[in-house]
Amino acid sequence: TMPENPLEHELDELKKLLLTMAGEVEKQLNSAIRAVVERNDQLAEEVIAGDAVIDRREIEVDRRVRELIVRERPMARDLRLGMTASKIAPDLERMADHAGNIARQAPVLNRVPSLKPFITLPFLANAATAMVRDALGAFVNADSRQARAVIARDDEVDGMHEQIFRELLTYMMEDAKTIPRALALLLISRSLERVADQATNIAEQVVYLVEAEDIRHRHDDGGGVA
């Protein structure tokens, strides 16, 4: 086999790093939701402590992109790939912040009786984390169809958030004592909705990355030098 060129190698490493980061974010989100559903303060604390790791990853992605540009001087497509990677990392970092925000609500909720069984919230969490996973998959595979499918799922998450909001509003109107609990749950739902928005952002970057390239090459006649 041909030895991989240094640029290809660097870009692959960058993709791997982002996938690792996305995996960690997903784990953080899942743990944060579990901390709430299973009323587990310790798990919540672990999520909050884990945020620093993801912050470091973002810095690492940034450093690698800068070094890659200086050292390899990539041309159009590869340059855009690197720039897209550096835009995706902050979105992932913000998702980890949302996981931390969710985890911070756990101790508040765990000190009082449960308002209601958790039904929609775990569904919402699963939908949002799946969007994160698939948006990163679309980036790594340069698959704009997969990216568009992620964007289309954002409405479903918004719908679930609306449903939770209406339900909690009913509780608060019927009994003022439920307000602190309902607000905590509302913040959690809102954080998950923001995670889905960030996954949509990533998917939009991928569509641009892949299809802008296609548009530029569609006009080529396929032969010779222009």
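Guide: Here is a walk around the largest pocket, and then along one of the helices beside it. A word on the ground rules: this is a predicted model, where local features need pLDDT of at least 70, side-chain atom pairs count only at pLDDT 80 or more, and totals for chains, interfaces and linings use all residues. Residues are numbered from 1 along each chain as its sequence is written, and side-chain values use heavy atoms, with hydrogens and water left out.

The largest pocket has a volume of about 160 Å³. A pocket here is an open set of points on a 1 Å grid over the protein atoms alone, where a 1.4 Å probe fits, with protein on both sides within 12 Å along at least five of seven lines; lining residues have an atom within 4 Å of a point. The volume is the space filled by probe spheres set on those points, which are joined across faces, edges and corners. Helices α1 and α2 (41–72) each supply at least two lining residues, and α2 gives the largest share, with 6. (Helices are DSSP runs of H or I, at least four residues, numbered from the N terminus.) By class the lining has 4 nonpolar, 3 polar and 3 charged residues, with Gly counted as polar.

Gln28 is one of the lining residues, and it lies in α1 (residues 6–37). At 10% relative accessibility Gln28 counts as buried; that label means under 20% relative accessible area, exposed means over 50%, and partly exposed is in between (1.4 Å probe, protein chains only). Leaving out residues up to four places away in sequence, Gln28 touches Glu46, Val47, Gly50, Asp51, Ile54 and Ala99, where contact means heavy atoms within 4.5 Å.

Glu24 is in the lining too, and it makes a salt bridge with Arg57, the closest N and O atoms being 2.7 Å apart. Glu24 is in α1 and Arg57 in α2, so the pair ties together parts 33 residues apart in sequence. (A salt bridge is a side-chain nitrogen of Lys or Arg within 4 Å of a carboxyl oxygen of Asp or Glu.) Arg57 itself, at 24%, is partly exposed.

Further along α2, Arg66 pairs with Asp62 at 3.1 Å between the closest N and O atoms, about one helical turn apart. Arg66 is exposed at 53%, while Asp62 is partly exposed at 32%.
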